[in-house]
Amino acid sequence: MGLSNQDIDTVNQCFHTQVMEEGVRIFEGPGEPCRKVYVVVTGAIIVRFETYNDKFKRTFCQRSLGPGSILGAGILLGNQCPDLHSARAKQRSIVLTYTE
């Protein structure tokens, strides 16, 4: 089935291509409002987030997100990304961005 040409045009109007050079920060700071949704097309984005270990002590975890990964979906849930601490481009990356 798939998307119709009209649906594809609608999606293209919502998302914008952005090139992020290595080291560019997407956001910094816990609880910073989500302003965009990012879909990684090429490259990698490093995200750092807070979580709690089995003794309920706050710890930080780091993860690399590659092509097809989505970052910042909290914008769809009231602009909150409470667990995310920071995100930056690990290498030159192309992302699609959506702003509500």
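User: How many of the 100 residues of the chain count as buried, as a percentage?

Analyst: In this predicted model, 30% of the 100 residues count as buried. The chain exposes about 6700 Å². Carbon and sulfur atoms supply 51% of that area.

User: Why is Val40 called buried?

Analyst: Buried means under 20% relative accessible area. Val40 has 4%, so Val40 counts as buried. Val40 sits in strand β3.

User: Which residues does Val40 touch, leaving out those up to four places away in sequence?

Analyst: Val40 touches Ile45, Leu65, Gly66, Pro67, Gly68, Ser69, Ile94 and Val95. Thr97 is 57 residues from Val40 in sequence. In space, their C-alpha atoms are 9.0 Å apart.

User: What makes up the largest nonpolar core?

Analyst: Twelve residues make it up. Val40 is one of them, and others include Met20, Phe27, Tyr38, Leu71 and Ala89. Strands β2 (25-28), β3 (37-42), β4 (45-52) and β7 (84-89) each give two or more residues to this core. There is a general pattern here. In soluble globular proteins, nonpolar side chains tend to be buried together.

User: Is Ser93 buried or exposed, and how do you know?

Analyst: The relative accessible area of Ser93 is 0%. The cut-off for buried is under 20%, so Ser93 is buried. Ser93 lies in strand β8 (residues 93-98).

User: What does the side chain of Ser93 reach?

Analyst: The side chain of Ser93 reaches the backbone nitrogen of Ala44, at 3.0 Å. Ser93 touches Ala44 along with Gln18, Val19, Met20, Thr42, Gly43 and Ile45, not counting residues up to four places away in sequence.

User: Why is the pair of Arg92 and Glu21 called a salt bridge?

Analyst: The rule asks for a side-chain nitrogen of Lys or Arg within 4 Å of a carboxyl oxygen of Asp or Glu. For Arg92 and Glu21 the N to O distance is 3.1 Å, so the pair meets the rule. The pair links distant parts of the chain, 71 residues apart. Arg92 is in the loop between β7 and β8, and Glu21 is in the loop between β1 (15-20) and β2. A search of the whole structure finds one salt bridge.

User: Why does Glu21 count as partly exposed?

Analyst: Under 20% would be buried, and over 50% would be exposed. Glu21 has 40% relative accessibility, so Glu21 falls in between and counts as partly exposed.

User: How many aromatic pairs are there?

Analyst: The count comes to one aromatic pair. The rings belong to Phe15 and Tyr98.

User: Why is the pair of Phe15 and Tyr98 called tilted?

Analyst: Ring centres must lie within 6.5 Å to pair. Those of Phe15 and Tyr98 are 5.6 Å apart. Planes under 30 degrees apart would be stacked, and over 60 would be edge-to-face. Here the planes are at 40°, so the pair is tilted.

User: Among contacts between residues at least 6 apart in sequence, how many join residues at least 24 apart?

Analyst: Of those contacts in the chain, 75% join residues at least 24 apart.

Definitions and conventions. Residues are numbered from 1 along each chain as its sequence is written. This is a predicted model: local features need pLDDT of at least 70, side-chain atom pairs count only at pLDDT 80 or more; totals for chains, interfaces and linings use all residues. Side-chain values use heavy atoms; hydrogens and water are left out. A nonpolar core is a set of buried Ala, Val, Leu, Ile, Met, Phe, Trp, Tyr and Cys residues joined through side-chain atoms within 4.5 Å. Buried means under 20% relative accessible area, exposed over 50%, partly exposed in between (1.4 Å probe, protein chains only). Helices (H or I, at least four residues) and strands (E, at least two) are DSSP runs, numbered from the N terminus. Contact means heavy atoms within 4.5 Å. Accessible areas come from the Shrake-Rupley method with a 1.4 Å probe; for residues, only the protein chains shown count as cover. A polar contact is a pair of N or O atoms within 3.5 Å; within protein, one must be able to donate a hydrogen and the other to accept it, and residues adjacent in sequence count only if both atoms are side-chain atoms. Rings of Phe, Tyr and Trp (its six-membered ring) pair if their centres lie within 6.5 Å; planes under 30 degrees apart count as stacked, over 60 as edge-to-face and the rest as tilted.
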